[in-house]
Amino acid sequence: MSFRTLLAARIALAALAFPMIGPAAAHATEQKQSQTSPLVSTEWLEANLASPKLRIVEVSVEPGVYERGHVPGAQNVLWHTDLVETVSRDIAGPEKFAALIRRLGIDRDTTVILYGDNNNWFAAWGAWVFAQYGLVDNVKLLDSGRKKWEAEKRQLDTRSPDVAASTFPVTPVSNGQRARLADVLAVARKERNETILDIRSPDEFSGKLIAPAGVQELAIRAGHIPGSVNVPWAKAVNPDGTLKSVAELKTLYADVGIDGSKPIITSCRIGERSSHSWFVLSRVLGYPVRNYDGSWTEYGNAVGVPVVNLAGTVWSGK
Amino acid sequence: MTASSLSERSAPGPSTGRLPVSLRVASAALIGAGLLIAALRLSGDPGGSRLALSLSFGALFGFVLQRARFCFFCLWRDLIDRRDPRGALGVLAALGAGTVGYSVVLGAWLPDPSGVRLPPDAHIGPVGPVLALAGVAFGAGMAISGSCIGAHLYRLGEGSPTAPFALVGTALGFVLGFFTWNTLYLASIAEAPVIWLPRHLGYAGSLFLTLAVLAALAAPLLRWLPPADASPSERVAPLRAVFVDRWPTWLGGLAVGALGTLAYLRVGPLGVTAEIGGRSRQAAAGLDLLPARLEGLDGFRGCATAIRDAILTPNGLFIAGLVAASLAAALAAGEFRPALPKRGQIGRGLVGGILLGWGAMTGLGCSVGTLLSGIMAGAASGWLFGVAMFAGLTATLLAGRRLSLLP
């Protein structure tokens with residue numbers, strides 16, 4: 001049964017059970033909906049905007065996008081500063097993350113809806129950071145993010161909401177969602193039986209390109225990690241930006257030998273687009289998967305590691 | 001009040017244009033309709049509302065600039081040559097209205113200004129000696145070429161013979177700016193503080209301080225005002241007042257302040273050099289003229305000169321709208337008077353333009369982007385650029401006149 005049918009059925013049931021109390025029905029729907037799927041639809045979010053146990057968080061990459069109009073009640077998180085350490089290359093540390101989560105008014109039982117521009121790339125990256133601090137099942141993505149919300153001409157707000165701070169404790173980071181250079185190296189050297197899913201473009205994967213045009217962060221070798229398979233991230237989405245159905249996604253990844261029977265590591269250039277595929281594989285399909293945020297900017301710069309360079313590109317940096 | 005005292009040349013009556021009135025009005029209406037249709041077409045495309053808004057804001061800005069002769073060079077010359085403060089009061093009105101408008105927007109967007117964040121895209125730049133140098137160069141360029149970049153753009157619509165050369169010079173000046181950027185960045189800009197007044201004073205404090213400074217600047221000027229017209233009861237024909245007569249500069253200033261706020265709310269701060277700079281950078285990069293990297297440049301807000309991929313950009317459409325609307329306004333008012341350039345105009349345009357371009361590139365914007373939009377947003381960089389610009393303008397103007405090089 002599709003998500004939308006489920007939603008309709010629930011609303012109908014709730015309406016039958018409580019014909020006179022709309023808000024309670026909506027609240028009941030929200031409770032159930034938010035437990036069933038890692039994705040919420042734009043319809044669902046619009047119907048549940050007023051829910052008190054809901055926190056909506058926008059993580060976009062374009063500056064000013066949030067401020068010039070966001071989902072009503074949404075709060076703003078900047079991935080360049082809020083979700084990372086700004087001096088060392090790492091996700092936000094426990095203290096910094098706890099301070100952010102308290103400011104956002106999120107507790108462990110709060111339903112968090114993340115969304116953003118660029119097909120939720122950075123929102124998915126946010127979900128991956130949240131997951132490392134134990135915020136997993138209660139963190140959902142708005143399916144398609146801003147793209148569909150805007151396309152459907154739904155309401156946007158320019159005011160920032162006032163949210164009461166929470167008491168989220170400082171939590172140690174758990175590395176179950178994260179792969180390190182040593183992990184991918186073990187796979188590359190066939191010491192470990194895992195699959196690396198490289199979601200960059202075919203030209204980056206083959207080594208024809210070191211990075212897409214115009215990006216600053218480069219590697220000094222081209223190609224991919226031995227043992228990787230290539231499924232560009234965009235293959236998992238429909239033209240309207242929503243994720244494909246579970247059946248379609250299973251087929252997409254089964255075609256390259258990924259069926260959830262062995263652990264997967266997702267990888268890209270800086271680890272942010274691969275979070276999108278990490279979310280699809282781990283949260284939507286329930287496969288065992290870790291994201292390698294070092295990605296090609298770490299691996300392609302590392303000394304003495306094996307590389308597959310199908311295009312034979314020779315680095316000629318000056 | 002006679003508008004002519006504010007003008008670089010005496011304002012012509014409606015019948016003194018070279019073209020017949022009906023032809024002028026018809027052409028102006030045609031351009032206006034073209035702008036409207038273009039905006040409508042753009043707004044229908046997916047993601048086109050930003051472009052349509054940019055075109056509309058540009059057109060309104062060009063209309064206001066032309067109607068009110070909102071020109072930093074003219075106001076300064078009126079002030080020091082004729083002790084006529086009306087133009088200067090107009091700019092102060094723009095800054096006051098815009099500062100209030102920005103405070104309203106910023107307070108909603110970033111309720112707590114005290115953290116490490118800066119408001120998105122606001123023109124808040126590094127404050128240091130390089131910014132002062134950029135302001136002085138920009139002011140000198142204004143004195144030599146006879147306008148700032150924004151005013152050259154609206155004068156293009158009036159058929160000015162100097163403006164095209166000044167704008168070519170500006171593009172060259174930008175390329176020159178790219179050459180000197182890395183040296184200046186490493187020597188000074190990288191360590192220059194980015195000062196945003198609301199972070200230190202809060203929104204209320206910053207607003208109060210800015211308005212107090214503007215009032216302090218306005219107080220002595222008000223005393224220089226010519227006595228008010230004794231017969232204000234003269235009937236005003238509305239169409240004539242809007243489309244033919246020169247607007248009082250304070251009205252233009254209030255309109256600029258309102259436009260600045262609305263443009264910031266929906267698209268981005270007013271600025272006229274991002275497109276010129278971006279295209280210059282693209283052309284220079286295409287010819288392999290640029291350093292391989294411009295250190296730190298793309299990290300700054302302001303009239304960022306990022307290389308353009310798209311054919312239509314918001315700032316490009318803003319400029320196109322500005323020039324087209326200024327042409328339409330000039331036609332309707334009988335102020336479109338194209339002339340063949342004289343050798344002096346070509347030379348002064350190019351030399352002044354190069355200084356304008358270098359100053360705008362190095363100062364991350366011009367009298368519109370850095371000064372107006374910066375001060376409205378509470379940026380100390382806007383004030384420093386403004387002071388340096390007027391200093392450079394005065395010194396160059398006086399020196400140029402002494403040497404009989406400038407009128």
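This is a predicted model: local features need pLDDT of at least 70, side-chain atom pairs count only at pLDDT 80 or more; totals for chains, interfaces and linings use all residues.
Two packed helices are described by the angle between their axes and the distance between the axes.

In chain B, helix α6 (residues 149–158) packs against helix α12 (residues 314–333). The angle is about 45°, and the axes lie 7 Å apart. α6(B) and α12(B) are therefore oblique to each other. The crossing of α6(B) past α12(B) is right-handed. On the α6(B) side, the contact is made by B:Leu153, B:Tyr154, B:Leu156, B:Gly157 and B:Glu158. They meet B:Ile319, B:Leu322, B:Val323, B:Ser326, B:Leu327 and B:Ala330 of α12(B). Eight residues of this contact of α6(B) with α12(B) are nonpolar, two are polar and one is charged.

A second pair in chain B joins helix α5 (residues 129–145) and helix α15 (residues 380–402). Their axes come within 6 Å and cross at roughly 40°. That angle makes α5(B) oblique to α15(B). The crossing of α5(B) and α15(B) is right-handed. Residues of α5(B) in the contact include B:Leu131, B:Val136, B:Phe138 and B:Met142. From α15(B), the contact includes B:Leu384, B:Phe385, B:Met389 and B:Leu397. By class, the contact of α5(B) with α15(B) has 18 nonpolar and six polar residues, and no charged ones.

The crossing of α7(B) and α13(B) is right-handed. The contact of α7(B) with α13(B) holds 18 nonpolar residues, ten polar ones and no charged ones.

The nonpolar cores come next. In soluble globular proteins, nonpolar side chains tend to be buried together. The largest nonpolar core in this model has 116 residues. Those with the most contacts inside it are B:Val64, B:Phe72, B:Phe138, B:Leu259, B:Leu322 and B:Ala328. Helix α12(B) gives the most to this core, with 14 residues. B:Leu322 of α12(B) also takes part in the contact with α6(B). B:Phe138 of α5(B), likewise, belongs to the contact with α15(B). Neighbours within four places in sequence aside, B:Leu259 is in contact with B:Phe57, B:Leu60, B:Phe61, B:Val64 and B:Leu270. Another core, of 65 residues, lies apart from the largest one. Among its residues are A:Leu142, A:Trp149, A:Ile258 and A:Val280.

B:Trp250 is found in α10 itself. B:Trp250 has 18 C-beta neighbours inside 10 Å, so it counts as partly exposed. B:Trp250 and B:Val91 are 159 residues apart in sequence, but their C-alpha atoms are 7.4 Å apart in space. Neighbours within four places in sequence aside, B:Trp250 is in contact with B:Leu89, B:Gly90 and B:Ala93. B:Pro269 lies in the loop between α10 (249–266) and α11 (274–286) of chain B. With 28 C-beta neighbours inside 10 Å, B:Pro269 counts as buried. Its contacts beyond four places in sequence include B:Asp121, B:His123, B:Tyr264, B:Gly369 and B:Ala377. B:Pro269 and B:Trp383 are 114 residues apart in sequence and 16 Å apart in space, C-alpha to C-alpha.

Chain A comes to eleven helices and nine strands. Of its 318 residues, 40% count as buried. Among contacts in chain A between residues at least 6 apart in sequence, 74% join residues at least 24 apart.

Two loop residues of chain A have a positive phi. For A:Asn120, phi is about 70°, although A:Asn120 is not a glycine. A:Asn120 sits in the loop between β4 (111–115) and α5 (121–132) of chain A. A:Asn120 is buried, with 29 other C-beta atoms within 10 Å. For A:Lys153, also not a glycine, phi is near 55°. A:Lys153 is found in the loop between α6 (146–151) and α7 (181–188) of chain A. A:Lys153 has 7 C-beta neighbours inside 10 Å and so counts as exposed.

The two chains also touch. Seven residues of chain A are in contact with six residues of chain B. The chain A side of this contact has one nonpolar, three polar and three charged residues.

Note on methods: Residues are numbered from 1 along each chain as its sequence is written. Chains are lettered from A and ligands numbered from 1 in the order in which they are written. Axes are lines fitted to C-alpha atoms, for helices over the stretch in contact, and angles run from 0 to 180 degrees between N-to-C directions. Helices (H or I, at least four residues) and strands (E, at least two) are DSSP runs, numbered from the N terminus. Angles under 35 degrees count as roughly parallel, over 145 as roughly antiparallel, 65 to 115 as roughly perpendicular and the rest as oblique. A crossing is left-handed if the near helix is turned anticlockwise from the far one by less than a right angle, and right-handed if clockwise. Two residues are in contact if their C-beta atoms, placed from the backbone, lie within 7 Å. Ala, Val, Leu, Ile, Met, Phe, Trp, Tyr, Cys and Pro count as nonpolar, Asp, Glu, Lys and Arg as charged, and the others, Gly among them, as polar. A nonpolar core is a set of buried Ala, Val, Leu, Ile, Met, Phe, Trp, Tyr and Cys residues joined through C-beta atoms within 7 Å. A residue is buried if 20 or more other C-beta atoms lie within 10 Å of its own, exposed if 12 or fewer, and partly exposed in between; C-beta atoms are placed from the backbone.
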